[in-house]
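Here are my notes for you to read with the model open beside them. Take the points one by one and find each residue as you go.

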Amino acid sequence: MKKRSVFFVLSILLAAIFMSSAAMTTYAAWSVQSETVNALSMGSVQVRLEEEYEQGQELMPGSTADKKVWAKNTGQLDIAVRAKIEKAWGAQGAGGTFIEDRALSTDNIVIPVNQAHWYFNSEDNYYYYIGVLAPGETTPPLFEHFTLRAEGGNEYRNKRANITVTVECVQAEGGGISLWGMSFETLGVAYKEAGVSDALMRVNFLSPTAGFTFPDNAGDLFAAFKLLAPGGSRGQGVEVKNLWNRPVEIFLWADVAAQVHATGETLALVNQLLREYTAVTITQGAAEIYRGAVWGNPALDSRAGDSMRYPYSLGIFQPGESKALRLALTLDARMDNQFADLIGLVQWIFSANGDEGVQPTTTAGPTTTAGLMTMVEPTTTAGPTTTAGPTTTAGPTTTAGPTTTGAPVTTTATPAPTTSLKPPPVPPPKTGKEQQVTFWGSVATGSGALLLVTMIAARHQKRDEKYL
């Protein structure tokens, strides 16, 4: 009787051990990642000269004619504007061309300039608009009429007078006005650049099976990095939050994205824009995570903080915990008009690791991938040419000058990063179906052992009963 009890107790213990082992197989390491494609775009700098004037007028000495001239911002960026007024006497040549007679003085053509809104610089003979012109805005008139003085002899008989106005612009951002040797301080203009965006882009981790979501701006974390200018800088905040009920470690890195907005002519410029002319710094609190090319230097095999090819750990996130990232972007001032209207795409990858118990499912593995963002094209026609509007020449002539962009920026050496690189996340775990096979295999093994022990116990029981 004692032997039989011992065998039955042993059977129960062995079964419990095998069942416990089977339950433990549902606890495994897991990894999940989601991608989002972000876009940065370059703005265009353009100006057009506009006027109100009746061409072909015949004016007598001492008469005044109405003529209004102003500038309009037809680009996508804030601009500084300047204009030059040139006067000339001459005659009409073959084909209607104007032949200037430099011997005739132009002092008798009087043009009262609007000095309340235009500043004259005697060093370069330009009138500078006292203000910053936003896209679509127009300046107050440079002047509204001109007068022919009565003085003058027969040398002016049958001569034509030409008034030529040339208008130019540069980007207001990034110190563009310094290209003219001018400053907003000299003009008495207070201009505040775009700087850091108040918008906070969110990245939410949901669970190992649902991955990450990017609920803002169609997944584009670069909300502030639009319509950029050479030499300019922008800042953007990103909030990463763990919405799961268990702690997770979250990582960030970057990869190359297909430049779907680039053409054969612009692809090389887009690659140069992302690799050479833009730099991004990512910080988390006081720690610098990354400093380097905006698309993350994916071809650079480095773990020194200058490549986003490998995952950077953002730390352990407790349930409901969020952490803020700051993205600072700077553009090289050497860029010129050929970079206008370009759009560059960067793929950011967020991943999460954990080793908590995950109940098996019958679905495929936990890795999820976010869809590509649909980028809204610029509102103006793309193209590298950023010259000003057409020229009007009948009677007193008005012409528009070329547009220039760019701004000098002093570059300094950057310090080494203060954070260390973590190894890549572990490979994705087996799917839920495979975990179930492991579980039931363990149960089957435990059941077989239990059956074997039971059979042995039964044989011993029969043998004992035989000798009773």
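1. Strands here are DSSP runs of E with at least two residues, helices are runs of H or I with at least four, and both are numbered from the N terminus. Zoom out and you'll see that β4 (residues 79-92) and β10 are antiparallel and joined by 12 bridges. Two strands count as paired when DSSP finds at least two bridges between them.

2. A word on what you're looking at: this is a predicted model, where local features need pLDDT of at least 70 and side-chain atom pairs count only at pLDDT 80 or more, while totals for chains, interfaces and linings use all residues. Residues are numbered from 1 along each chain as its sequence is written, and side-chain values use heavy atoms, leaving out hydrogens and water.

3. Is strand β10 mostly covered or mostly open? Mostly covered: of the 12 residues in β10 (160-171), 10 are buried. Buried means under 20% relative accessible area, exposed means over 50%, and partly exposed is in between (1.4 Å probe, protein chains only). In the loop between β9 and β10 you'll find glutamate 155, which is partly exposed at 44%. Its C-alpha atom is 7.8 Å from that of leucine 104, although the two are 51 residues apart along the chain.

4. Next, look for an open sheet of four strands, ordered β2-β3-β9-β6 with antiparallel pairing. Its edges are β2 (47-52) and β6 (109-110), each of which pairs on one side only. Between β3 (residues 64-73) and β9 (residues 143-148) there are four bridges, and alanine 65 stands opposite phenylalanine 146 in β9.

5. Now the inside. In soluble globular proteins, nonpolar side chains tend to be buried together. A nonpolar core here is a set of buried Ala, Val, Leu, Ile, Met, Phe, Trp, Tyr and Cys residues joined through side-chain atoms within 4.5 Å. The largest one has 49 residues, and Trp348 and Phe350 are among those touching the most other members. Helix α3 (residues 267-277) gives the largest share, five residues. Apart from that core lies another of 31 residues, including Val45 and Trp118.

6. Leu269, Val270, Leu273, Leu274 and Tyr277 are buried.

7. Phenylalanine 222 and tryptophan 348 have ring centres 6.1 Å apart and planes at 80 degrees, so they are edge-to-face. These two sit 126 residues apart in the chain, and both are buried.

8. Lastly, two charges over rings. Such a charge has NZ of Lys or CZ of Arg within 6 Å of the ring centre and within 35 degrees of the ring normal. Lysine 67 has its charged end over tyrosine 53, 4.5 Å from the ring centre, and arginine 82 lies over tyrosine 126 at 3.7 Å.

Methods
Rings of Phe, Tyr and Trp (its six-membered ring) pair if their centres lie within 6.5 Å; planes under 30 degrees apart count as stacked, over 60 as edge-to-face and the rest as tilted.
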